[in-house]
Amino acid sequence: MRPRFGPGPRTAVWTGLAMWFLYGLLHAVGEAPMGLFPTRMYVIGTVIALIQYPLATVLGAKFYTEA
């Protein structure tokens, strides 16, 4: 995403949100109907991931440098 949207924290946040949607949300929505865990656990995990993924990408982008 960096070549298309440029460097910076805004790009990192958008990348984190995209990963949350593709992995966090869709995974929970697809697995919740199976009844493996209580629905509340899926909701809590998804909300925590909504904060965690963008924060992790911003922190990772802060330390990233190109050669």
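Visitor: How do you know whether the protein chain has the radius of gyration of a compact globule?

Guide: For this predicted model, a compact globule of 67 residues would come out near 11 Å, but the protein chain has 14 Å. The box filled by the C-alpha atoms is roughly 45 × 20 × 20 Å along the principal axes.

Visitor: What makes up the pattern of the protein chain along the sequence?

Guide: The chain reads α-α-α. It has 3 helices and 0 strands.

Visitor: How much of the protein chain counts as buried?

Guide: The share is 18% of the 67 residues. A residue is placed there if its relative accessible area is under 20%. The chain exposes about 5,400 Å², and carbon and sulfur atoms supply 72% of that area.

Visitor: What are the length and the reach of α2?

Guide: α2 has 23 residues and reaches 31 Å from its first C-alpha to its last. At 1.5 Å a residue, 33 Å is expected, and the reach is close to that. There is also a kink of about 35° in α2, centred on Trp20.

Visitor: And what are the length and the reach of α3?

Guide: Helix α3, residues 39-63, has 25 residues. Its first and last C-alpha atoms are 36 Å apart, close to the expected 36 Å. α3 bends by about 25° at Ala49.

Visitor: Which residues of α2 are buried, and what covers them?

Guide: They are Thr11, Ala12, Gly16, Trp20, Gly24, Ala28 and Glu31. Their cover includes α1 (2-5) and α3.

Visitor: Which residues of α3 are buried, and what do they pack against?

Guide: Tyr42, Thr46, Ala49 and Pro54 are the buried residues of α3. They pack against α2 (9-31).

Visitor: Why is Gly24 called buried?

Guide: Gly24 has a relative accessibility of 11%. The cut-off for buried is under 20%, so Gly24 counts as buried. Gly24 lies in helix α2. Leaving out residues up to four places away in sequence, Gly24 touches Met19, Thr46 and Tyr53.

Visitor: Why is Arg10 called exposed?

Guide: Arg10, found in helix α2, has a relative accessibility of 64%. Exposed means over 50%, so Arg10 counts as exposed. Arg10 is 44 residues from Pro54 in sequence, and the two are 9.7 Å apart in space, C-alpha to C-alpha.

Visitor: What makes Arg4 exposed?

Guide: The relative accessibility of Arg4 is 72%. That value is over the 50% cut-off, so Arg4 counts as exposed. Arg4 has its place in helix α1. Arg4 and Thr39 are 35 residues apart along the chain, and their C-alpha atoms are separated by 37 Å.

Visitor: How many contacts join residues at least 24 apart in sequence?

Guide: Among contacts between residues at least 6 apart in sequence, 62% join residues at least 24 apart.

Visitor: How many aromatic pairs are there?

Guide: The count comes to 2 aromatic pairs.

Visitor: Why is the pair of Tyr23 and Tyr53 called stacked?

Guide: The ring centres of Tyr23 and Tyr53 are 6.4 Å apart, and the angle between the planes is 25°. Centres within 6.5 Å make a pair, and planes under 30 degrees apart count as stacked, so the pair of Tyr23 and Tyr53 is stacked. Tyr23 lies in helix α2 and Tyr53 in helix α3, so the pair ties together parts that are 30 residues apart in sequence.

Visitor: Is Tyr53 buried, exposed or partly exposed, and how do you know?

Guide: Tyr53 has 22% relative accessibility. Buried would need a value under 20% and exposed one over 50%, so Tyr53 counts as partly exposed.

Visitor: What makes the pair of Phe37 and Tyr42 edge-to-face?

Guide: Their ring centres are 6.0 Å apart and their planes stand at 70°. Planes over 60 degrees apart count as edge-to-face, so that is the name for the pair of Phe37 and Tyr42.

Definitions and conventions:
Residues numbered from 1 in each chain as written. Predicted model: local features only at pLDDT ≥ 70, side-chain atom pairs only at ≥ 80, totals over all residues. Heavy atoms only, no water. Helix = DSSP H or I, 4+ residues; strand = E, 2+ residues; numbered from the N terminus. Expected span 1.5 Å × (residues − 1). Bend = angle between axes of the 7 residues up to and from the residue. Buried < 20%, exposed > 50% of the residue type's maximum accessible area, 1.4 Å probe, protein only. Contact = heavy atoms within 4.5 Å. Rg over C-alpha atoms; globule rule 2.2 N^0.38 Å. Areas by Shrake-Rupley, 256 points an atom, 1.4 Å probe, with all protein chains shown as cover.
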